[in-house]
Amino acid sequence: MSRSPSGDRVALWRNPTFRAYVLQGVLLAALAALIGFIVTNTMANLEARGISTGFGFLDERAGFSIPQTLIEYSGDSTYGRTFIVGLLNTLLVSALGIVVATIIGFAVGIARLSPNWLLARLAGAYVEIFRNIPLLVQILFWYFAVLQALPSPRQSLSLLEIVFINVRGLVIPDPQPLSGFAATPWALLVGIIAATTLGIYAKRRQVRTGKALPIYWLGAGLIIGTPLLVFLLTGAPLEWSIPELTGFNFSGGVRVLPELVALWLALSIYTASFIAEIVRSGIQSVPEGQVEAANALSLPGGITLRKVVIPQAMRVIVPQLTSQYLNLIKNSSLATAIGYPDLVAVFSGTTLNQTGQAIEIVAMTMAVYLVISLLVSALMNVYNARTLLKER
């Protein structure tokens, strides 16, 4: 028995709080039983088929090659190294796609609100076309209809005879660091730290005195000038391996796979169409009075956009932008359609087929995408919290 708010005794089963706890307990018990049944049944089936479980297969020899690797890899490498190669390839195309999609998306989103009729209509056409064509179709279009239609290596399209593009991919010069080059990356890091420190000082100085510093020019000078100066002072310790046509292919230089280019273009262009609409809605969410006040102060349009409109629009843009970044990372798994060696292709594909360790491999792949998504969400939430306008 329990008491009602009026003090009367009521049956325990009529207490809504008690019923809620009982219902939740029953559901949790049912869920635990279901999971236990699935695990027990799976282990029994694996044992019946002679399939061992565990992660010991990661130390076994892979025995297959991968066309693009950011770290040293060969057929004698282990399945564990195959996992790392696939992960790095996934992170590479995801990072490249996020950068380019953000740039295109912001440019198109701002262009959609341009007073120029033609520019606004072209931006609108871009959004409507690429947003409504399935991503897989776009990937196949760029790969088969565009890149596979390029000439053979002997008839390659060239730029200044040092950059070549053909059906086998893009061939560019390969930088070869010499002794003493390590100082240049450290100088770049110092330049970035100095530019960040200068930006913080300039912002506080402007709040205190009302005087602004040309922070963009000064920051660019520090970030570019510092490593460049160190590079020159150390004797320019860098050589370039220029690609040369030998026989039916190029030797020297670095070859960028057409699969990477096609996937990169499709992910960037497709995601940018959604980011453009996010940017447009964010800008339109800013009260018109803010722009009118900036115009009353005779602020140029560019400064009004950068200093007044965009900072306020980011409150609307960033949360939705995070979702698009996560979608781009997950959509990169469509790389299997054109054979790009990402995590799904080389680990959940080839490795799974050779080892049969379906549970472990699928679980690792799912965990990777989950961790990447959570990290991106956390970083974007931190950025959103730091840039959020604080109301008095």
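How far apart do the end C-alpha atoms of residues 87-380 lie, and what share of the span is helix and strand?

1. The end C-alpha atoms of residues 87-380 lie 21 Å apart, and the span is 68% helix and 10% strand. Helices (H or I, at least four residues) and strands (E, at least two) are DSSP runs, numbered from the N terminus. An unreviewed UniProt entry annotates this span as "domain: ABC transmembrane type-1"; such annotations may be inferred rather than shown by experiment.

2. This is a predicted model, in which local features need pLDDT of at least 70 and side-chain atom pairs count only at pLDDT 80 or more, while totals for chains, interfaces and linings use all residues. Residues are numbered from 1 along each chain, and side-chain values use heavy atoms, without hydrogens and water.

3. The unreviewed UniProt entry also lists transmembrane regions, including residues 21-39 and 83-108. Residues 21-39 are 100% helix and 0% strand, with end C-alpha atoms 27 Å apart. For residues 83-108, also 100% helix and 0% strand, the corresponding separation is 37 Å.

4. The axes of helix α2 (residues 79-111) and helix α7 (residues 258-284), lines fitted to C-alpha atoms over the stretch in contact, come within 6 Å and cross at roughly 40°. By class, their contact has 18 nonpolar, 6 polar and 1 charged residues, with Gly counted as polar.

5. T184 is in helix α5 (residues 183-209). Beyond residues up to four places away in sequence, T184 touches P227, V230 and F231 (heavy atoms within 4.5 Å).

Technical notes: Axes are lines fitted to C-alpha atoms, for helices over the stretch in contact, and angles run from 0 to 180 degrees between N-to-C directions.
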